[in-house]
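Hello,

Here is the structure you asked about. Please open it alongside this message; my notes follow below.

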Amino acid sequence: MSVRIGVVTFPGSLDDRDAQRAVRLAGAEPVALWHADHDLQGVDAIVLPGGFSYGDYLRCGAIAAHSPIMSEVIDAANAGMPVLGICNGFQILVEAQLLPGGLIRNDHGDFVCRDQRLRVENASTAWTSAFEAGDEITIPLKNGEGGYIATEETLDRLEGEGLVAFRYLDVNPNGSLRDIAGLTNERGNVVGLMPHPEHATEPGFGPDTVDAMRSGVDGLRFFQSAIESVLARV
Amino acid sequence: MPTIVVEVMPKPELLDPAGKATSGAIAKQGSTTFSEVRIGKRFELTVDGEVTDAVLAEAQRLAEEFLSNQVIEDVVAVKVA
């Protein structure tokens, strides 16, 4: 069967087309979903892409988290469907309370855009199973409001339960507490992160590696993990 | 028509980068009067009719559940303007 992965476009989404392309490169069929619909078109997994939904008005991701399609996305997530939130998508997951904590303006006050090294802390989620725990990967990061915060109690719980999915290596680009770059929920089907795996999926267009310029494709395994996860559930 | 004002501030223990940058800019203008700036939000909700207790309660609920994110912000006022 061909795995169908939906990518939701909100007003102000930027990376929806890139996410669809990443889905295709990983071997699944991308399905464009629209924020104003109440229809997931029978997809097997969902990506909430990066961008500036609703112009980041109110708070990043806050208005998108209340858009029509999110009621179906939240139900599907609670039923175990793989859901990945990238950057603004991570902010939407947090605002929809599918993941805990919040994301605030980078501590240094500037927008940051760089190829970011990460450590995969949890390789048993629907979006990370193609990695080994401890793998070090490089994918692009680009955000102005990526500082992850939560109460000490929540942070301790996240660490204790292994829900920190990714941690920043080398530099903490935005002041995220405990270098947290991404999280998963208890069930492992919902994952959110600030860096962009969809921008590291095709040789010639990814981050530089020691082998060649722009040859980094570490992001591909996120989508391959989801495909494996969907096929394993069938 | 009456207006309900909702004020939201970043939690005091959290860094407010925008406030900090503004504070730095004030210092660069030579002012030494103010030691800190914190930036919050003010919402003005126009009420279609009379402000009853139920309307105020609805504004309070909206303030806590949507206009603010309680993880990072506090609602500091919900009042009739």
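Buried area, as used here, is the accessible area that two parts lose on being put together, summed over both, with a 1.4 Å probe. Please note that this is a predicted model.

The interface comes first. Chain A and chain B bury about 1,100 Å² between them. Carbon and sulfur atoms account for 69% of that area. On the chain B side, Pro17(B), Phe66(B) and Ile72(B) lose the most area to chain A. Together they make up 44% of what chain B buries. The contact involves 14 residues of chain A and 13 residues of chain B.

Now chain A itself. It has 11 strands and five helices. Along the principal axes, its C-alpha atoms fill a box of roughly 40 × 40 × 35 Å.

Next, the packing. Of the 234 residues in chain A, 57% are buried, that is, under 20% relative accessible area. Take the contacts in chain A with a separation of 6 or more: 72% of them join residues 24 or more positions apart.

Last, surface and charge. Chain A exposes about 9,100 Å². How many charged side chains does chain A have, positive and negative? There are 33 negative and 17 positive ones. The centres of the two sets lie 2 Å apart.

Best wishes

Note on methods
Residues are numbered from 1 along each chain as its sequence is written. Chains are lettered from A and ligands numbered from 1 in the order in which they are written. This is a predicted model: local features need pLDDT of at least 70, side-chain atom pairs count only at pLDDT 80 or more; totals for chains, interfaces and linings use all residues. Side-chain values use heavy atoms; hydrogens and water are left out. Helices (H or I, at least four residues) and strands (E, at least two) are DSSP runs, numbered from the N terminus. Buried means under 20% relative accessible area, exposed over 50%, partly exposed in between (1.4 Å probe, protein chains only). Contact means heavy atoms within 4.5 Å. Accessible areas come from the Shrake-Rupley method with a 1.4 Å probe; for residues, only the protein chains shown count as cover. Lys and Arg count as positive and Asp and Glu as negative; His and the chain ends are not counted. The place of a charge is taken as NZ of Lys, CZ of Arg, CG of Asp or CD of Glu.
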